[in-house]
Amino acid sequence: MRQFSRHRRPSGGNQRGQAIRFWGRHAVLAALANPERTVKRIWGTREALGQLDLPPVIPISYADVADLARLVARDAPHQGLVIEVDPLEGIHLGDLLQEEVDAGSKRPLIILDQVTDPHNIGAVLRSAAAFDAAAIITQDRHSPPESGVIARSASGALESVPWVRVVNLSRALEEIAEAQYWRIGLMGDTETTLGQTLDGSKVALVLGSEGDGMRHNVMEHCDVLARLPISPRMESLNISNAAAIALYAVATAGQ
């Protein structure tokens, strides 16, 4: 059986061991439940911590609401809980593709080109979890590192959806094609709708940034370009909304 190359996730903005802080109940509980996540410390109100069954190895600090607010981004809704964690280990694109092939999976992939807003990344992760996508894939230089904002926006999905970072997105798309995925680039100015491109094949959805869209070379590595059938009164959708609608279309194709 073909073995895919081992594209290691670049280190990005967060080196292993350089702790980051998550906040909010969903993000904190998901991180605590993830065996792959190293939790280094937790702060919380007595009420919030009293509802958790924490392992004794995690250092615990009781704090009031004002103290917690100073630990996180301004006006962040911490819900009485803040944790300090290590970033997750990198994921090889080749390993992920091989696992999907071995499992006979037809779960979609989501490729994001130059999407830099952490709120959008988090929201796309959340939609990916909802529609059982295999992973999201980004180019390391054009995407943010793990952060509390992403974890909060993802509402726990950062811990359950693989996030693969690659050095070169075009080369990654070539490898994805070798794994027999149909690469669909989503954009507004084409006549073909997404539904017309779905034929039961494994799908990789490629979305560009809201400002500049997909880069030309990334577009050239798509098998087809398609649009969502939105009203002409709406010029475009937020990237996370577009991803959610596209994933729903893939999930319900043929039903």
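Hello everyone, and first some housekeeping. Because the model is predicted, local features need pLDDT of at least 70 and side-chain atom pairs count only at pLDDT 80 or more, while totals for chains, interfaces and linings use all residues. Residues are numbered from 1 along each chain as its sequence is written, and side-chain values use heavy atoms, with hydrogens and water left out.

Let's start with the sheet of 6 strands. It is open, it is parallel, and its order is E7-E6-E5-E9-E8-E10. Strands here are DSSP runs of E with at least two residues, helices are runs of H or I with at least four, and both are numbered from the N terminus; two strands pair if DSSP finds at least two bridges between them. At the edges you will find E7 (163–166) and E10 (224–226), each pairing on one side only. Neighbouring strands are turned by 25° against each other on average, direction ignored. Helix H10 (residues 239–252) packs on this sheet and touches E5 (109–113), E8 and E9, contact being heavy atoms within 4.5 Å. The direction of H10 makes about 165° with that of E9; axes are lines fitted to C-alpha atoms, for helices over the stretch in contact, and angles run from 0 to 180 degrees between N-to-C directions. Look also at E8 (181–186) and E9 (202–208), parallel strands joined by 6 bridges, where Ile184 has Leu205 in E9 as its bridge partner.

Now the other sheet, please. This open sheet has 4 strands in the order E1-E4-E2-E3, and its pairing is mixed. E1 (20–23) and E3 (60–62) each have a single partner strand, so one side of each is left without a neighbour in the sheet. Parallel strands E2 (39–44) and E3 are joined by 3 bridges, and Gly44 stands opposite Tyr62 in E3.

Most residues other than glycine have a negative phi. Gln114, in the loop between E5 and helix H5 (118–130), has a positive phi near 65°. Asp132, in the loop between H5 and strand E6 (135–139), has a positive phi near 55°. Which of them is buried, and which partly exposed? Gln114 is buried at 19% relative accessible area, whereas Asp132 is partly exposed at 43%; buried means under 20%, exposed over 50% and partly exposed in between, with a 1.4 Å probe and protein chains only.
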